[in-house]
Amino acid sequence: MSSFLSTGSLRRMSEISSVERTADTTAVIVVNYASSSLLRENLAPLSREDPNLLVVVVDNFSDCAERRALGDLARAEGWALVCLPDNRGFGAGANAGAARAAGMGVGAFLILNPDARISASHVRRLRARVDAEPATLVSPVVLKPSGDPWFTGSDLYLDTGQVAASRHRSKYPGRRHTQWLSGACLMIHAEFWHKLGGFDEEYFLYWEDIDLSWRATAAGAVLLVDSKALAVHDVGGTQRPERHNHGGRGKSTLYYRYNARNRLLFAARNLTDDELRRWLRSTYPQAWAVLMRGGRRQLVHPVAPLRALLLGIWEGRRIARTAMAVRRSASRTT
């Protein structure tokens, strides 16, 4: 047993492991990648506040030292730990965590980012919403550490594949859109999760929550943002080695690559050929908008961001063209 475990920690493990898990239990599912320090900061206070929560941490392997540190922390806090042999991305990690939680009989899942924190009372509030109507996805209002809004609802515009906050909807009058909820903090009933089949793992990072929201809406779900439930998100905290330096750092190269790629993956999965062609035509303006989310300062050294963005565009266009070719072939044989 690690020296990290004090007598009090061992007692806490025993107490938590003895808690009966039933359909009334909520599982908090967190996907970790080299973020154990964030879990100590954000997740541990939640699980200590409400030991009736089942916390499932899924570790996408980064290195041996991180896995040891996370194992020590999970044992100390009484968390269930799912160790994946490699980095399988957010969607696959969340699916693995949900499978572990479902096997323990819980009734609902709260998907939570390592760099997000929420109080137990607000978790209970979100749970009450999905208990009242299981075909519901519900998110809290998510704030930045400064108190400014980070997520209050988002829209996907179906003419170009642009995403924008719902509070800015008046800027886009008449444009066809659909709502989506962020996977940074998202409550879903276990039965409805299984009906949807969880996240589509091909996204790896980004847009899997848009895809889940789209499929949920198609299945008759209501998507809600509960304005009386709050969470705080240290935006990009899982991507920055120096998390507390907010001095205009750009996004990670993974952010640029997978946002550019997965916009077209989503279109290939869910839209008609005509809609997909429109999204292809707007690829470069939308990719530039993604790049600008990281600020202009990064353009002083633009090689890595631009390379990642162009790789994502190339991958996404290949996915889109393959999807259209498969559809043409299928239509000729029917």
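I count two strands as paired if DSSP finds at least two bridges between them. Helices (H or I, at least four residues) and strands (E, at least two) are DSSP runs, numbered from the N terminus.

The model is predicted, so I noted the limits: local features need pLDDT of at least 70, side-chain atom pairs count only at pLDDT 80 or more, and totals for chains, interfaces and linings use all residues. Residues are numbered from 1 along each chain as its sequence is written, and side-chain values use heavy atoms, with hydrogens and water left out.

Entry: strand 8.
I looked up the partners of strand 8. Strand 10 (residues 177-180) runs antiparallel to strand 8, with four bridges joining them. Strand 9 (residues 162-165) also pairs with strand 8 in the antiparallel sense, over four bridges. I then followed Ser-154: Ala-165 stands opposite this residue in strand 9, and Trp-180 is the bridge partner in strand 10. The hairpin of strand 8 and strand 9 has four residues between the strands, and I found Gly-161 there with a positive phi near 85°.
I checked the side-chain directions in strand 8 (residues 154-157): Ser-154 and Leu-156 point one way, Asp-155 and Tyr-157 the other, and all are buried. Buried means under 20% relative accessible area, exposed over 50%, partly exposed in between (1.4 Å probe, protein chains only).
Arg-175 lies over the face of Tyr-157, 4.7 Å from the ring centre. The test for a charge over a ring is NZ of Lys or CZ of Arg within 6 Å of the ring centre and within 35 degrees of the ring normal.

Entry: aromatic pairs.
My search of the whole structure gave 13 aromatic pairs. Rings of Phe, Tyr and Trp (its six-membered ring) pair if their centres lie within 6.5 Å; planes under 30 degrees apart count as stacked, over 60 as edge-to-face and the rest as tilted.
Trp-150 and Phe-151 form a tilted pair, because their planes are at 50°, with centres 6.4 Å apart. Tyr-255 and Tyr-256 have centres 5.8 Å apart and planes at 85°, so I logged them as edge-to-face. Both Tyr-255 and Tyr-256 are buried. I found Lys-251 over the face of Tyr-255, at 5.0 Å from the ring centre.
Ring pairs also link Phe-90, Phe-109, Trp-193 and Phe-199 into a cluster.

Entry: Gln-298.
I located Gln-298 in the loop between helix 10 (283-292) and helix 11 (303-332). Its relative accessible area is 10%, so I recorded Gln-298 as buried.
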